[in-house]
Amino acid sequence: MEFRKDLFQNERDDNLNVIGKGIQRQDMPGHVTGRSPFFDDHAFEGLLHLKVVRSPHHHARIRRIDISAAERAQGVKRILRGADVPVNKNTLLSLINFGKDDEPTLAVDKVRYKGEPIVAIIAESEAQALAARALVRVEYDPLPTVFDVEEALKPGAPVVNETYPGNTFEYHEKYDHQKLRFGDVERGFASAEFIVEDRYQMSPIEHAPTETNGSIAAPEQNDRFVVHSCAQGLFFSLGTAAKIVNLDSNRLHFIGGTVGGGFGGKVDSLTEPLSILGAMMTGRPVRYVLDREEEMLYGGPRGAERIYIKDGIARDGRILARHIRSYFDAGAYTRLSSYAAIKCTAHLPGPYTIPNVASDIYVAYTNRCPSTAMRGFGITAVDFALEVHMDKGAEACGMDPMEFRILNAYRDGDMKAHRRVAKNTALIECVQVAAEKARWPLSEDAKRQSSLHGGGGARAEIPATPIDENGRIGRPETRNGRPTQTLPAGATRIPLTRQPIMEGSTENRAKPPAVPQYEPYRPAAPPPPPAYQPPPPPVPTPVAPPPAAPANAPASQHGAHRFSSVFGTRRR
């Protein structure tokens, strides 16, 4: 491994005891000898097995559930329904008071995705539980479905999750999406030489761990329960289970540590609450493990994301404006998708200095299996989209894609779109080293560039950002307010006399924007920048916007007159 002390001399010293050295993992001997204990390796006398009846419909009302034949089946000890679950509604992030409880452990009146659990069968053996499961009769009234994130947000779409009747997650019980505004993107597009737009669609991805989701719960002394689990976040799972079964958390003894593959797919506590509840009601150990088919179909995939990106680029290659609109497909319930949208917004628009940035990130509910975390949750997909889009931007203005990134990369001292100063930046050096390793030719000017020089100054200024008379931020066509005013340049927040009210709140919810017809990049003759007209009252003192960047700045300046930088999405 090569350490580039010439590039990162301030990042570390040479007294390293792990990095760059051949250190053996603590769990390696157990893994290679087959002696590592997994949750399913624990033997209990009198172990019972739990299996669930799942919905065959994507969306349906439950008319009737008949468990009489299953109750008489051989080996059946207990059958659980929604009414048996002490707290039969939960959301994963309720432990930090984020979001509303929206997902039942066992469905009661309605199912919202194919495979949703309805009835749990506890029997002496797994075969007996499966046989009894086949005897349960459920009558349904199928309901309309919606599987597309943008269709779900249209007026008149089927309501998937009544906790969020608009089919979007509500932040702070008011706002229907995550929003970022920095500068004036419409003005930036108007002054651009090239407009590059495209749509990027990701697919759901199943984690496919070698070990499927599962747990074993057993009564312990002192009215406690031990739980052997493969959960990735053991304390998270303990808190979730304690809430659902209505026990003090100190009555649950969770044991984990060895996970047979997770990648984000074992954070949802899919089995622990029911195995604990089964142990509580039978007084015996209960094992609940998803089989491979259940894991693949109902275990919770990486959520599909749809991303629209529009860039305005100057003739010399500087990105003048970027707008991003993204939709996270949460499936039928929230789980962690609301958190993913926050991470995505915090990561935009990439490690690039862009003076005008806007984004709108939605979490949409559809009649799909609820999605969950997976490697780089909330960031991986938008990173892919942004970097493919950077290649298209480089092609549009006739630049080498490596040099296009070096030109637009932020330097130390630049202002990010989240109004934070960029520090410890290194994208330029990373691109230079990657080009060197790949024998990719760079110009001498590109080789001389450094993340330590050329930042700050005008690039560190916070530009003026359009708002309306109520302090709403956004593009004029998405607002119903009176004429646009301006949040003064350099301001980090809207004054307290004008509290921000984001459009799309539960009051006067705005319709989602229509899907644009995207086109390949198009060269356009840049119109002369319009003269700035101070807005009419109620703003007492109009503030002129910052001066526009010179239209024909030489490429060797590498955006020296670019103003702001980014927070979060990157590369390529």
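**The aromatic cluster**

Reply: Tyr171 has 1% relative accessibility and therefore counts as buried, the cut-off being under 20%. The model is a predicted one. Tyr171 belongs to one aromatic cluster, together with Phe98, Tyr164, Phe169 and Tyr365.

Aromatic pairs come next. The count of such pairs is 9. One of them joins Tyr164 and Tyr365: the ring centres are 5.3 Å apart and the planes stand at 10 degrees, so this pair is stacked. Planes under 30 degrees apart count as stacked. Tyr164 is found in the loop between α4 (149–152) and β7 (178–182), while Tyr365 is in strand β15 (residues 356–365), so the pair ties together parts that lie 201 residues apart in sequence. Tyr164 counts as buried because its relative accessibility is 0%. Tyr365 also has 0% relative accessibility and therefore counts as buried.

Phe169 and Tyr171 make an aromatic pair of the edge-to-face kind, with 4.7 Å from centre to centre and 75 degrees between the planes. Planes over 60 degrees apart count as edge-to-face. Phe169, at 2% relative accessibility, counts as buried.

Ile19 is placed in the segment before α1 (28–33).

Conventions
Residues are numbered from 1 along each chain as its sequence is written. This is a predicted model: local features need pLDDT of at least 70, side-chain atom pairs count only at pLDDT 80 or more; totals for chains, interfaces and linings use all residues. Side-chain values use heavy atoms; hydrogens and water are left out. Helices (H or I, at least four residues) and strands (E, at least two) are DSSP runs, numbered from the N terminus. Rings of Phe, Tyr and Trp (its six-membered ring) pair if their centres lie within 6.5 Å; planes under 30 degrees apart count as stacked, over 60 as edge-to-face and the rest as tilted. Buried means under 20% relative accessible area, exposed over 50%, partly exposed in between (1.4 Å probe, protein chains only).
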